[in-house]
Amino acid sequence: MIIALLLFLGVGTAYTGLLISDQMFTSLLYAGLACGALAVRNESWGYTLLQVVLLGAAAQIRPTLGLFFPAVFFLLLYSSQLYRDKISGRVKAIVVFSVAVMAITGNAPAFRNYIHHGTFTPTSILSDNLARYLAGPVLIAKDRGAEYEKELKTFKEARGVTKIRIQREFAVSVVREYPIETAKRMTYHVVWNLFEPHWEYVLNVFGQGFYLNNIFTTEGKVNFGILKNLPFWLIYILAYLLVFLALLRAVVRGDWMLLGGLVIFSLPLCASLLNGQGARMRLYAEPLIIDLAVIEICRRLYYLPKGPGTRFPKLGLH
């Protein structure tokens, strides 16, 4: 059911030839997490080694993943609680080894930058997003596009740590000057990133894509082409609602280990505030979103009708 939904939503098809790094990162990430769960369940060092290799490779594609290796710790411990009543010494060793190796391999880009550039910043993507995709559009909206073009030339001439610094300073100054306009831009980013269908990337190739500001044509008429994505928007709304209910139930049940891992794992979604690049911004979390939604659907279809006394297993990713 999960695979069918992901295929229907275009998670695989839309990225194969267009944004292959995003698809590769997502595939390596979930393959690594799956191997981690199998390593704990089977007490297997073979799966443990596969896990650290796959997650380490994913971190080379998306360097900021190295900052979220504590999520691996939470999810591994939670998996151990699902599969056995008592955590064995072997499982404890697997968890400690996995987290320790991930802390190193996941931050390999940061180590490289420190050696070559004197900064432990793993990537310049944060400053790029702040300057080019947040502060830049805010200035343009305030009819200061010419000023932004001058700043862009400065960014292009700068290198390394200097470029990161001046982009951050520029972004901070714009945010302080136009906080309301910045908040509006962030809101637009979040809505678009959460609800743009993946098929948009495929449709754009054939000139059939659209954006939220194209609801009306230049003649003032309703753009009925927008209707083709309404089914996807309804699915996303339903999925987010189900995820909220699943997480709320986890809070009520006190599944703090799982919630801690999910919160840390989901932190990269905060990038949606800075960059409005659409569906690819949530791609890495999409399988997890669908997984949690499907768990909640199954609970309501098969367990609730049997009565309030029916015991439902703890919310898990198995």
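Rings of Phe, Tyr and Trp (its six-membered ring) pair if their centres lie within 6.5 Å; planes under 30 degrees apart count as stacked, over 60 as edge-to-face and the rest as tilted. A search of the whole structure finds nine such aromatic pairs. The model is predicted: local features need pLDDT of at least 70, side-chain atom pairs count only at pLDDT 80 or more, and totals for chains, interfaces and linings use all residues. Residues are numbered from 1 along each chain as its sequence is written, and side-chain values use heavy atoms, with hydrogens and water left out.

The chain holds 14 helices and zero strands. Helices (H or I, at least four residues) and strands (E, at least two) are DSSP runs, numbered from the N terminus. Of the 318 residues in the chain, 41% are buried. Buried means under 20% relative accessible area, exposed over 50%, and partly exposed in between (1.4 Å probe, protein chains only). A contact has heavy atoms within 4.5 Å. Among contacts between residues at least 6 apart in sequence, 72% join residues at least 24 apart.

Helix α7 covers residues 125-141. The expected span of a helix is 1.5 Å times one less than its number of residues. A kink of about 35 degrees lies at Ala 135, shortly before Pro 137. The bend at a residue is the angle between axes fitted to the seven residues ending there and the seven starting there. Ala 135 and Pro 137 are among the buried residues of α7. The cover over the buried residues of α7 includes α8 (145-157), α9 (160-177) and α10 (179-195). Asp 143, with a positive phi near 60 degrees, follows α7.

One aromatic cluster is formed by Phe 25, Tyr 30, Phe 265 and Tyr 284. Within the list of pairs, Tyr 30 and Phe 265 are edge-to-face, at 6.2 Å centre to centre and 75 degrees between the planes. Tyr 30 lies in α2 (residues 20-42) and Phe 265 in α13 (residues 256-266), so the pair ties together parts that are 235 residues apart in sequence. Tyr 30 is partly exposed at 21% relative accessibility. Phe 265 is buried at 8%. The rings of Phe 265 and Tyr 284 have centres 5.4 Å apart and planes at 55 degrees, so this pair is tilted. Tyr 284 lies in the loop between α13 and α14 (286-303). Tyr 284 is buried, at 9%.
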